[in-house]
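Here are a few exercises to work through with the model open in your viewer. Try each task before you read its solution.

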Amino acid sequence: MSDLGRQFPTNGRSATEPTNPHAPDEASGTAGGKATIEYAREGVVRITVPPGSRITAEDGTLIRDRFLTLTAGAGAAVLLQVTGVESVSKEAVRIIVEAVTVTAFATLGTTDVDRVIAHGRRGLPVPRCPIRYFSDEQQALAWLTPQAPGGS
């Protein structure tokens, strides 16, 4: 069975119970309100950061944890959509990319700021997976798909 459209448990919480705003939200696929995390296609997880956001190392940890929850610790390629984002810290990118189950990492953006964010890895360790920047989503998905588990 494909993970596309998969529903996630609420861990017994009712809709009226308070939740930790900094914890990964398993029901909605968000990480502390800073990013939406969902399958773009089988084996490829899309992380969408809303325009105007600033992503810190703490946010990177929440996003990584949500990614690992979504994939149940299995490998997956990542499409990080940063169009219109104000900033993503180097540490946040390092934390997400270094999740041991990331098989490939594509950043999708359309502005010069997006490109700077995508290439702002100076001073960070060499990642364990291939990384590339795209301005076209279909090209990014075409690059990611063969590198995703079960990709062809």
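Contact here means heavy atoms within 4.5 Å. Keep in mind that this is a predicted model.

**Exercise 1. Find which residues of helix α4 (residues 137-144) are buried, and what covers them.**

Solution. Start with the cut-off: buried means under 20% relative accessible area. In α4, that picks out A140, L141, W143 and L144. Now look down the helix axis: the buried residues of α4 fall within an arc of 160°, so they line one face of the helix. Finally, check the N-terminal end of α4, which is capped by D136. A side-chain oxygen of D136 sits 3.2 Å from the backbone nitrogen of Q138.

**Exercise 2. Classify the ring pair F134 and W143: what are the centre distance and the plane angle?**

Solution. To pair, the centres must lie within 6.5 Å. The count under this rule is one aromatic pair. For F134 and W143 the centres are 5.6 Å apart and the planes meet at 45°, so the pair is tilted. As for burial, F134 has 4% relative accessibility and counts as buried. W143, at 18%, counts as buried too.

**Exercise 3. Work out how strand β6 (residues 76-81) is enclosed, and which strands it pairs with.**

Solution. Count the buried residues to begin with: five of the six in β6 are buried, so this strand is largely enclosed by the rest of the structure. Then go through the partners. Strand β4 (residues 44-48) pairs with β6 in the parallel sense, over five bridges. One place to look is V44, which stands opposite A77 of β6. Strand β8 (residues 102-108) also runs parallel to β6, joined to it by five bridges. There, L80 has T107 of β8 as its bridge partner.

**Exercise 4. Is G60 buried or exposed, and which residues does it touch beyond four places in sequence?**

Solution. Leaving out residues up to four places away in sequence, G60 touches I55, A92, I95 and I96. One more distance to check in your viewer: G60 and R94 are 34 residues apart along the chain, and their C-alpha atoms are separated by 8.2 Å.

Key. Residues numbered from 1 in each chain as written. Predicted model: local features only at pLDDT ≥ 70, side-chain atom pairs only at ≥ 80, totals over all residues. Heavy atoms only, no water. Phe/Tyr/Trp six-rings, centres within 6.5 Å; stacked < 30°, edge-to-face > 60°. Buried < 20%, exposed > 50% of the residue type's maximum accessible area, 1.4 Å probe, protein only. Helix = DSSP H or I, 4+ residues; strand = E, 2+ residues; numbered from the N terminus. Pairing = 2+ DSSP bridges. Arc of directions from axis to C-beta. Polar contact = N/O pair within 3.5 Å; in protein donor to acceptor, adjacent residues only side chain to side chain.
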